Amino acid sequence: MNIPVTFYTLFPYYGVALLYLLATYCVGRIIRSLTFKVKESISAYSILCNILLGWAILVTGYSIVMTHGKTVNVLFLVLFGLYLIFRKRGFKEETSVTKISPHRSEWWKYILFTCIIAFALFLFQVDKIMDWETGMFQELYGDFCYNIKLTQFLNLGFENRFLGYNFFKEIAPMPYHYFEMWTTAMTYKPLGLVAGVCHMVTTPVICVTLMSLCFVAVWERNKKLSWFGMLCIVGCILMMDLIPILSKIHPRLTVQGTYLLGQPRAMPSILAILFCFVLYFYNRKGEAYYVLLAIPILTLVPAVAVLGTLGLLLLFKIIREKRIDWNLCLPYGIFSLLFTLYIATSQGDHMGGEPFHVGLLRLYITQPVIYFLAYLHCLLVLWLIDRNRLKQIFSKLSWSIFFLFLSTETFSIFLRGYNYDASQFTSGSIPYFLFALYTTFFLYVISSMAFSKLHYFFVFCFLFLNVGLGIFVYSKPYPVNNSARSTYITEVLNALPMQEEYKIGGYIGELQQADNMVCGVVDAVACPDFLDTYLNGVWHYAINKGSWDVRSDWDKTPFRDYYAKSKFQSSDMSDDEIRINFIKDSGIEYVRIYKGANPSKWFLSHLTLLASDEKSGECFYKVKSLGGR
């Protein structure tokens, strides 16, 4: 993909999102019809069930084929098998689903709604990632390029979180948020699209469009979709917490949250939780139970919240009823055991974080208070509209909410000294559940009551507040791209021909560290950067050995092994000779030399300069044709 990137260059990715939704709908409808003998009229609920089932089947099948079964998605098959075993004997619904007929609309209205919502989301995502003045992408979040690189390794059959394992073609399964990456992987590869754009645009559009259908399904539980209902649904899509305002009042009144639907890795989990509430409203609590169990497969961080909360609820149920419901406990026990074994057998280092101290116990109080304040505007609107219904909601869900905070905070407090990611257990789960809870119950309450003018006023105030918060957060000016860097990136991209893969060597100097390196003083085996945003199949090779004292998974590079072997065979061989031989044997076509490197004239004589960055000192070369030794 060359620079400048235009709107028309990105527009096909909107069409791909619609095609993906159509394909998953067809697969899901066929499976539900053949396996479960489901025959139902078109509604938002039926469309949602078909798409999500088809999506899970396609991603699971694709990942199993690509990795030869070495994927966390295999656990989907376990859950599906448990569901088939226990669904007839274990689900005692209060009301049969046939008695809950949603208020349907014409099929063309659903298509129109989906296209419009998806296009609005497409415009939002495109505007968020683009710097229109330079025609270049902006970085969405810290792990952006890293996730794109992982997505491309998935299509090589490696579901590893550490890039070094992939380069050595070693299988080291590690839990992570792979589901949206597999969605991107199976979208860009068959259609010849750019993985980075699919990750930034197509996958988020798919996820948030399905979330919108969740909101429609909740509304149609009580009323036929109207213009006012669509306005309320848009308000829920835009819903943000009050954290930007709270942080202005006091810097310590802040937690991770704000606009959750702008976080790609959070979207599958939020969608699954929303779907659980939809199933709950349609009295399909058994199915909702299995969807909850599937969330740890989608994303690792909420696993503690899901499994911990369900475990405490089951224990509470056993104590209260003085009996064990095996139809619930057995699937939970089997899945929890298998998922725990998967985590226990995963490889890689687990960097510790803040060690436990008594002061951390304050989080049991401060975190619930802050999250209560963060969604105070939603609670206030529900209170003003129907306070009795709000009391009923919290009386039913009080134990679930209590156990959610208790289990999540406990693991976060006591495990962060052993694993740095434990500090994310709260921020990576509780906001998701609260967002789903407030939005779905907001729509459910509004759609089930007769409205007065005062009620309309409260709802419109809530909607305008969400819009105002969105403008407040996203009205900040984009960071200005460095002109010299932009020129350098443009020159590099326009000099590279379109091909399936690019092998690029990185020479940072033996005792230096470039900006995009991961650790130590050794070039990361697959350090992702701007090239991975615009191109597919960019494989970065270190061509310097670094310090031998550094010990880390990331520092195990092919060049280190090659260097040691060459020195063993011929101790008189110079470092540059070894470097050139490695470039030839590895098929490296381009070399990036960073400011800290000090290449010899003999080494540079094998390269042709294509572009240079005057500010950073980085230079990009093409390797000249290397003959036989």
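1. A residue is called buried when its relative accessible area is under 20%, exposed when that area is over 50%, and partly exposed in between, with a 1.4 Å probe and protein chains only. Leucine 298, with a relative accessible area of 8%, is therefore buried. This is a predicted model, in which local features need pLDDT of at least 70 and side-chain atom pairs count only at pLDDT 80 or more, while totals for chains, interfaces and linings use all residues. Residues are numbered from 1 along each chain as its sequence is written, and side-chain values use heavy atoms, with hydrogens and water left out.

2. The protein chain holds 24 helices and 7 strands, where helices (H or I, at least four residues) and strands (E, at least two) are DSSP runs numbered from the N terminus. Of its 629 residues, 55% count as buried. If one takes the contacts (heavy atoms within 4.5 Å) between residues at least 6 apart in sequence, 74% of them join residues at least 24 apart.

3. Leucine 298 belongs to helix 13 (residues 285-298). Setting aside residues up to four places away in sequence, leucine 298 touches Phe76, Tyr176, His177, Tyr178, Phe179, Pro268, Ser269 and Ala272. Leucine 298 and methionine 267 are 31 residues apart in sequence, and their C-alpha atoms are 9.7 Å apart in space.

4. Threonine 309, in helix 14 (residues 303-321), also counts as buried, because its relative accessibility is 10%. With residues up to four places away in sequence again left out, the residues that threonine 309 touches are Val304, Ser400, Phe403, Leu404 and Ser407.

5. Helix 2 (residues 12-35) packs with helix 3 (residues 44-67) at an angle of about 95 degrees, and their axes are 6 Å apart. Here the axes are lines fitted to C-alpha atoms, for helices over the stretch in contact, and angles run from 0 to 180 degrees between N-to-C directions. Helix 2 is therefore roughly perpendicular to helix 3, since angles of 65 to 115 degrees count as roughly perpendicular, those under 35 as roughly parallel, those over 145 as roughly antiparallel and the rest as oblique. Among the residues making the contact are Tyr20, Leu21 and Thr24 of helix 2 and Ile47, Trp55 and Leu58 of helix 3.

6. What does a search of the whole structure find in the way of disulfides? The search finds 0 disulfides, a disulfide being a pair of cysteine sulfur atoms within 2.5 Å. Cysteine 232 is in no disulfide, and the nearest cysteine sulfur, that of cysteine 236, is 7.1 Å away. Cysteine 232 counts as buried because its relative accessibility is 0%, and cysteine 619 is buried with a relative accessible area of 18%.

7. The 12 residues of helix 22 (residues 558-569) should span 16 Å at 1.5 Å a residue, and the end C-alpha atoms are 17 Å apart, which agrees; the expected span is 1.5 Å times one less than the number of residues. In helix 22 the buried residues include Pro558, Phe559 and Tyr562.

8. Helix 23 (residues 575-586) has 12 residues and reaches 16 Å from its first C-alpha to its last, close to the 16 Å expected. Its buried residues include Asp576, Ile578 and Phe582, and what covers the buried residues of helix 23 includes helix 22, strand 3 (502-507) and strand 7 (619-623). Just after helix 23, glycine 587 takes a positive phi of about 70 degrees.
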